[in-house]
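Subject: Structure for your review

Dear colleague,

Please find the structure below, together with its sequence.

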Amino acid sequence: MIVRSLALLSLALLSLSAAAETLRIERLTWAGAKISNERATVFVDAVGTDLWNGEAPQGLVPVTADTRLRFALLTHLHNDHFDAATLREVLGERGSVICAESAATYVASRGLRVIPARLWEPQMRGGFVFTALPAADGFGDEQVSWLIQHQQTRILHAGDSLWHGQWGLIGAQFGPIDVAFLPINGAMVATRPSTRSSAVMTPQQAVDAARLLGVRSAVPIHFGLNSPPSYVEVDNPLQTFLELAAEQELTVQPLRPGELWQAPETPETGS
Ligand SMILES: [Zn+2]
């Protein structure tokens, strides 16, 4: 597909053209991530509002930025991924939200500047390349995953996606992925009629997705909340994910909110 070829070409050109910059990758609360270089800060699904009544899983960390350029990527509009009040504050007058075209009007209505994105079409901003990729939402709403490239580093954020059939396709186009933020809690959410299928990837599905994506290092997100009967996650999601990942020789960095990702040591490839 031409669009995908353009995406790969632009990623390659960016890799060749930029001088080395320091990349900082931090996990935020719940599903959030913060990625920055000297010029720009990129948030993904950053939530700074206490949605958890003082009991945010693993703690609530502030959403702040020091750079002039600021962007906030959204995987979808559910309130544990889209916090308009926090984004208005941290983005200020000049920062922008980047989201799927279908979400743009709503995001703008919340007083935020918006840059709409189409699937597979890369955007270059602040030394980063952002590409919206297919995802599947547990409630049938529009959801995307984000590929974020900074020079030679490729980062994927999968929001709270379900398992779907395009992980392998994404991996073939963009893999290997240096670090992937993957939801793991396999949450069962009350529906009418009730079902026994989860609305978020299970630990096993997250490991499978990581393998299809060619993930070098997985950061589990979106777990640690149980509110039966309306919201019930799998038992011990993090421990289960770690055990299943170990069986498949998948490297995992279980960051707490506020902790920084470190590139795992890998053998020299000579490339
Ligand atoms: Zn969610």
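A salt bridge joins the side chains of arginine 39 and glutamate 21, with a nitrogen-to-oxygen distance of 3.1 Å. Please keep in mind that this is a predicted model. Arginine 39 sits in the loop between strand E2 (33-36) and strand E3 (40-44), while glutamate 21 belongs to the loop between helix H1 (2-17) and strand E1 (24-27); the pair therefore ties together parts that are 18 residues apart in sequence. The relative accessible area of arginine 39 is 41%, so this residue is partly exposed.

In total, the structure contains four salt bridges. Another of them is formed by the side chains of glutamate 26 and arginine 24, at 3.2 Å from N to O. Is glutamate 26 buried or exposed? Its relative accessibility is 9%, and since buried means under 20%, glutamate 26 counts as buried. Arginine 24, in contrast, has a relative accessible area of 37% and is partly exposed.

A further salt bridge brings together the side chains of arginine 118 and glutamate 101, again given from N to O, at 3.2 Å. This pair links distant parts of the chain, 17 residues apart: arginine 118 is in the loop between strand E6 (114-117) and strand E7 (123-125), and glutamate 101 is in helix H3 (residues 101-109). Arginine 118 is partly exposed, at 48% relative accessible area, and glutamate 101 also counts as partly exposed, at 44%.

Yours sincerely,
A colleague

Definitions and conventions:
Residues numbered from 1 in each chain as written. Predicted model: local features only at pLDDT ≥ 70, side-chain atom pairs only at ≥ 80, totals over all residues. Heavy atoms only, no water. Helix = DSSP H or I, 4+ residues; strand = E, 2+ residues; numbered from the N terminus. Buried < 20%, exposed > 50% of the residue type's maximum accessible area, 1.4 Å probe, protein only.
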